[in-house]
Structure formats: structure tokens, C-alpha cells
Amino acid sequence: MTQRITVTHTHGEQISVASGGVELMAYVYRPDPDAFEARKPYAHPLRTLAGNPVSGYRPNDHRWHKGLQMTSSHLSGQNFWGGNCYLGPEKGYQRVDELVGSMRHDGFEEFTVAEDRLRFVETLTWVANPAVQHSGGQEWARERRTIELHSVEPDAGTWALDWSINLTNIRGEALHFGSPTTAGREMAGYTGLNWRGPRDFTGGDVIGPDGRGGDGEKGASDLMGTPAADAPWVAFTGEHDDVDGHSTLLFAHAPENADAIHASHWFVRSEPIPSVAPSWAFFEEFELEPGESFGYRYRVVVADGAWDRAQAEHYLKNHGW
């Protein structure tokens, strides 16, 4: 049985979803005050049905890490994630404010609240940094983003969030999507939908299908860079401070992602920070021509308790797309 949800929309600021007296998610779309952190919407906090937090916000090591957010760390010389830019092996990471772009919230095409489900379709524009010569403030891409929170199941201690992106190049010239790894940094191919876990999840366990993954950083290292074709899901389990217990986040590709514009690989870290991203440009760049579009769809399952491989696979088998 699914449980009723309550949705509170503070117009111009955020959407909050609660169930059983617990705020499960806040989706914040008001512009951040600091342009260096790449103004864009994000989902934070994320909580389990028991009320335990499973997302981090502005940690002191990376202030631009904000819960769950759509990003693009390397896009035609711009950084649509925020923070320091990786400029290659010789220069490393540097603060270059004029290379940090933003994602502008334009409105909602659809906003539907049912008894046990929220679905909204948001339109956004990806805008180059105004300080960049010849492209300052130029609109580069139009995004149609769909967010759906559903399947709140108290008996299982789970709820699910589906996040999809459809992005169209409106720049007038090709857009090139990459990552720090495509710029020369080994095994740092983060880009796309990124989750930052809370500080107490550092050192958490990471597993995937077919015996992949394991305890702590060993599990994360085993899955780092793994093709989504070989591992369509990854589960990250952390142990909480303050309360006795664990929580698990299950990240999964929708079946149609196998036919997307570019093959995805997993970016997974357990130490020194907890982070997961189904990266769309881990090892190689891809190009989006003017007027062309691409799309991906993902599911994030938030669960109370420490899940094993059988629990993850049972959930995915019994919850269709």
C-alpha cells in the first residue's frame, strides 16, 4: 500500500513533499545568491520515511554540492556545476568565475498532485556566464525536466524519485559535453545527475549487480567508471550519526537510456566524500548539434535500512517504469 503525500508549493522558491509527518524532499528552484556555485535548481533535503537525512548541502569541501542536482561539469568551456574548473593536468583546478554558467528556471508546463504522487514538468534555460567574451549571457540550451515522486511505501520503508532531462541545443553552434576525465584527470568523470551524500555517509558501502562493489571505498572503486550497460543500478548504504541505523539510496537507469545519445558510466565515491552520478560523458566527450536534443531518465529510491543486492534487485523487478 502506498501512503498519501502532502505537497506545499512556495511559489518562486521551492516545492516540499511530506508523508507521514516527514518532509521527504524539498525541490528548490529560486536562484542561489552566489553565481560561483552555478545557480540552478536542486533537491535538498532528502529524507527517508523514518526522517533520516540522506543528502548533503554546501559541505565545507565543496560549497557547490547541493543534494541531488542536474549538472554539466564541462560544456564547451563552461562549468554548469559550479565551483572550481578543471583546466587540464598542468593547471589543475582553479577558480575562474567567468567560466561558471547557470540554469534559469523559466516555469512549469505541468504540475499534478495526486493522493500518492507528485509530477511536474519544469522548463529551464542553460545560460553562459555573462563575463565570457562573445557569448556573455547567451542562451545555450533549453531543458524540459520532469520530476515525479511516487511509491511511498511505509511497509517497505521506501519512496522513489524519477528525474528525467530532455535538452535541446539553441546556441547556434555545436555543444560539447565532457568531464574532468575528458580534460585529462583520471577517473574523475563526474557530470550529469549528481548526488552528494551527508557527511556521515563517508566510507559507506556501494554495491551493484552481478557481484560488483563491496564494503567502503573498495566497493566504490570497483564500480567507478563501470558502464551502465554492465551495471544498470548502483546502491549506496551509509550509517547515520545521532540515530542508530543505516539508509540506502538506489540509483537506476531507465531502460531507454541504453539508446541515449552517449553511453553512460558510473561515477562513484565513498571516500573522501560520498557521491554518485550516472555520468553521461565519463571517458569521452559527445557533441550536440544545433537544434538537436538528447534525453536521459533516472530513478532514485530512498530506503530505510542497509540493503543487500537481493533487496535492490527485488525492488527494481517489482516497480516498473
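What follows is a short exchange about a predicted model.

Me: Why is serine 55 called buried?
Reply: Serine 55, which has its place in the loop between β4 (42-46) and β5 (68-71), has a relative accessibility of 6%, and because buried means under 20%, serine 55 counts as buried.

Me: What makes the link between the side chains of serine 55 and histidine 44 a polar contact?
Reply: The distance that joins these two side chains is 2.7 Å, and a polar contact is a pair of N or O atoms within 3.5 Å, one able to donate a hydrogen and the other to accept it, so the term polar contact applies to serine 55 and histidine 44.

Me: Why does phenylalanine 80 count as buried?
Reply: Phenylalanine 80 is in the loop between β6 (74-75) and β7 (85-86), and its relative accessibility is 1%; since buried means under 20%, phenylalanine 80 counts as buried. Leaving out residues up to four places away in sequence, phenylalanine 80 touches several residues, among them Trp126, Ala128 and Trp140.

Me: How do you know that β9 and β10 pair?
Reply: Strands pair if there are at least two bridges between them, and β9 (residues 102-114) and β10 (residues 117-127) have eleven, in the antiparallel sense, so they are called paired. As one example, arginine 104 has threonine 125 as its bridge partner in β10, and the two strands form a hairpin with two residues between them.

Note on methods. Residues are numbered from 1 along each chain as its sequence is written. This is a predicted model: local features need pLDDT of at least 70, side-chain atom pairs count only at pLDDT 80 or more; totals for chains, interfaces and linings use all residues. Side-chain values use heavy atoms; hydrogens and water are left out. Helices (H or I, at least four residues) and strands (E, at least two) are DSSP runs, numbered from the N terminus. Buried means under 20% relative accessible area, exposed over 50%, partly exposed in between (1.4 Å probe, protein chains only). Contact means heavy atoms within 4.5 Å.
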